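Hello,

Here is the structure I promised to pass on to you. Have a look at it first, and then read my notes below.

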Amino acid sequence: MRWRHPVFVCLILALTLVAAASEAAGVSVRDAWVRETPPGMAMMAGYMELRNNTPQPQVLVAASSSGFEAVMIHRTIVKDGMTGMVLASQIVLAPNASFIFTPGGYHLMLGNPKRTLRAGDRVDITLEFRGGLVLPVTFEVRK
(Lines give C-alpha, C1' and ligand atoms only; values in the text may rest on other atoms or scores of the structure.)
Protein backbone atom coordinates (compact mmCIF):
# COMPACT_ATOMS: atom_id res chain seq x y z
CA MET A 1 0.00 0.00 0.00
CA ARG A 2 1.41 3.38 -0.98
CA TRP A 3 0.81 6.52 1.09
CA ARG A 4 0.75 8.58 -2.08
CA HIS A 5 -2.35 6.80 -3.33
CA PRO A 6 -5.06 9.38 -4.19
CA VAL A 7 -7.48 7.95 -1.61
CA PHE A 8 -4.96 8.48 1.21
CA VAL A 9 -4.12 11.96 -0.03
CA CYS A 10 -7.83 12.91 -0.11
CA LEU A 11 -8.42 11.43 3.36
CA ILE A 12 -5.50 13.31 4.89
CA LEU A 13 -6.59 16.54 3.18
CA ALA A 14 -10.19 16.14 4.43
CA LEU A 15 -9.07 15.48 8.01
CA THR A 16 -6.75 18.47 7.88
CA LEU A 17 -9.56 20.72 6.63
CA VAL A 18 -11.94 19.56 9.40
CA ALA A 19 -9.30 20.21 12.06
CA ALA A 20 -8.45 23.59 10.55
CA ALA A 21 -12.13 24.58 10.36
CA SER A 22 -12.72 23.78 14.03
CA GLU A 23 -9.58 25.65 15.08
CA ALA A 24 -10.51 28.62 12.88
CA ALA A 25 -13.95 28.66 14.51
CA GLY A 26 -12.22 28.61 17.87
CA VAL A 27 -14.00 25.58 19.34
CA SER A 28 -12.21 22.32 20.03
CA VAL A 29 -13.17 19.00 21.64
CA ARG A 30 -11.05 16.72 23.80
CA ASP A 31 -11.64 13.31 25.36
CA ALA A 32 -14.91 12.54 23.54
CA TRP A 33 -16.32 9.19 24.65
CA VAL A 34 -19.52 7.17 24.95
CA ARG A 35 -20.19 4.77 27.81
CA GLU A 36 -20.66 1.16 26.68
CA THR A 37 -23.98 -0.38 27.74
CA PRO A 38 -25.35 -3.92 27.67
CA PRO A 39 -26.86 -5.00 24.32
CA GLY A 40 -30.44 -3.88 23.81
CA MET A 41 -30.20 -0.72 25.92
CA ALA A 42 -32.18 2.10 24.34
CA MET A 43 -30.13 4.95 25.84
CA MET A 44 -26.43 5.70 26.01
CA ALA A 45 -24.50 8.76 27.18
CA GLY A 46 -21.69 10.77 25.62
CA TYR A 47 -19.10 12.91 27.37
CA MET A 48 -16.40 15.37 26.29
CA GLU A 49 -14.56 18.55 27.05
CA LEU A 50 -15.54 21.52 24.88
CA ARG A 51 -13.02 24.35 24.68
CA ASN A 52 -13.86 27.86 23.48
CA ASN A 53 -10.60 29.43 22.31
CA THR A 54 -12.17 32.76 21.37
CA PRO A 55 -12.92 35.99 23.25
CA GLN A 56 -16.65 35.61 22.45
CA PRO A 57 -19.13 33.15 23.97
CA GLN A 58 -19.98 30.12 21.82
CA VAL A 59 -23.38 28.44 22.20
CA LEU A 60 -23.97 24.73 21.58
CA VAL A 61 -27.58 24.39 20.45
CA ALA A 62 -27.90 20.84 19.12
CA ALA A 63 -26.18 17.55 18.35
CA SER A 64 -26.96 14.79 15.89
CA SER A 65 -25.63 11.44 14.71
CA SER A 66 -26.51 8.95 12.01
CA GLY A 67 -25.66 6.25 14.58
CA PHE A 68 -28.61 7.12 16.85
CA GLU A 69 -32.28 7.94 16.38
CA ALA A 70 -31.93 10.96 18.69
CA VAL A 71 -29.20 12.99 20.36
CA MET A 72 -30.14 15.44 23.11
CA ILE A 73 -28.22 17.63 25.52
CA HIS A 74 -29.14 16.65 29.10
CA ARG A 75 -28.18 17.53 32.64
CA THR A 76 -28.40 15.20 35.62
CA ILE A 77 -30.10 16.76 38.64
CA VAL A 78 -30.87 15.64 42.19
CA LYS A 79 -34.15 16.88 43.64
CA ASP A 80 -35.66 15.71 46.92
CA GLY A 81 -33.16 12.85 47.01
CA MET A 82 -34.16 11.60 43.55
CA THR A 83 -31.83 11.67 40.57
CA GLY A 84 -33.27 12.63 37.21
CA MET A 85 -32.42 14.34 33.96
CA VAL A 86 -33.59 17.52 32.30
CA LEU A 87 -33.25 18.62 28.71
CA ALA A 88 -30.83 21.51 28.19
CA SER A 89 -31.78 23.70 25.26
CA GLN A 90 -28.25 25.08 24.93
CA ILE A 91 -24.81 25.19 26.50
CA VAL A 92 -23.05 28.55 26.67
CA LEU A 93 -19.27 28.25 26.45
CA ALA A 94 -17.67 31.22 28.18
CA PRO A 95 -14.87 33.01 26.31
CA ASN A 96 -11.49 31.26 26.56
CA ALA A 97 -12.93 28.57 28.82
CA SER A 98 -13.81 24.88 28.89
CA PHE A 99 -17.11 23.14 29.57
CA ILE A 100 -16.93 19.49 30.59
CA PHE A 101 -19.65 16.91 29.99
CA THR A 102 -19.26 14.31 32.77
CA PRO A 103 -21.15 11.39 34.29
CA GLY A 104 -23.54 12.85 36.84
CA GLY A 105 -23.55 16.25 35.11
CA TYR A 106 -24.16 17.50 31.59
CA HIS A 107 -24.03 14.82 28.90
CA LEU A 108 -25.29 13.92 25.45
CA MET A 109 -28.22 11.51 25.74
CA LEU A 110 -27.96 9.11 22.81
CA GLY A 111 -31.25 7.41 22.03
CA ASN A 112 -31.75 4.11 20.24
CA PRO A 113 -28.35 3.20 18.80
CA LYS A 114 -28.64 1.78 15.29
CA ARG A 115 -26.08 -0.93 16.08
CA THR A 116 -24.56 -2.52 19.16
CA LEU A 117 -21.54 -0.49 20.27
CA ARG A 118 -18.68 -2.14 22.13
CA ALA A 119 -15.60 -0.73 23.84
CA GLY A 120 -13.14 0.37 21.18
CA ASP A 121 -15.82 1.25 18.60
CA ARG A 122 -16.13 4.79 17.35
CA VAL A 123 -19.22 6.83 16.60
CA ASP A 124 -19.53 10.20 14.86
CA ILE A 125 -21.60 12.96 16.47
CA THR A 126 -22.05 16.41 14.97
CA LEU A 127 -22.20 19.41 17.30
CA GLU A 128 -24.13 22.45 16.11
CA PHE A 129 -23.46 25.96 17.42
CA ARG A 130 -25.39 29.20 17.14
CA GLY A 131 -24.07 31.17 14.19
CA GLY A 132 -23.74 28.14 11.92
CA LEU A 133 -20.62 26.37 13.19
CA VAL A 134 -20.97 22.61 12.68
CA LEU A 135 -18.30 20.50 14.34
CA PRO A 136 -18.03 16.76 13.56
CA VAL A 137 -16.53 14.79 16.46
CA THR A 138 -15.57 11.13 16.72
CA PHE A 139 -16.44 9.62 20.10
CA GLU A 140 -14.73 6.45 21.39
CA VAL A 141 -16.87 3.82 23.11
CA ARG A 142 -15.43 2.93 26.55
CA LYS A 143 -16.38 0.55 29.36
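Predicted model: local features only at pLDDT ≥ 70, side-chain atom pairs only at ≥ 80, totals over all residues.

Where does serine 65 sit in the chain? You will find serine 65 in the loop between strand S3 (58-64) and strand S4 (68-79). Is serine 65 buried or exposed? Its relative accessibility is 13%, and buried means under 20%, so serine 65 counts as buried. If you leave aside neighbours within four places in sequence, serine 65 is in contact with Val71, Val123, Asp124 and Ile125.

Now for the whole chain. Its secondary structure comes to one helix and 10 strands, and along the sequence the pattern reads α-β-β-β-β-β-β-β-β-β-β. The chain has 143 residues, of which 34% count as buried. Take the contacts between residues at least 6 apart in sequence: 66% of them join residues at least 24 apart. The chain exposes about 8,600 Å², with carbon and sulfur atoms supplying 59% of that.

Finally, the aromatic rings. The structure holds three aromatic pairs. One of them joins phenylalanine 99 and phenylalanine 101 edge-to-face, at 5.5 Å centre to centre with 65° between the planes. Phenylalanine 99 also forms an edge-to-face pair with tyrosine 106, at 5.1 Å centre to centre and 70° between the planes. Phe99, Phe101 and Tyr106 form one aromatic cluster. Within it, phenylalanine 101 counts as buried at 2% relative accessibility, whereas tyrosine 106 is partly exposed, with a relative accessible area of 26%.

Best wishes

Technical notes:
Residues numbered from 1 in each chain as written. Heavy atoms only, no water. Helix = DSSP H or I, 4+ residues; strand = E, 2+ residues; numbered from the N terminus. Buried < 20%, exposed > 50% of the residue type's maximum accessible area, 1.4 Å probe, protein only. Contact = heavy atoms within 4.5 Å. Areas by Shrake-Rupley, 256 points an atom, 1.4 Å probe, with all protein chains shown as cover. Phe/Tyr/Trp six-rings, centres within 6.5 Å; stacked < 30°, edge-to-face > 60°.
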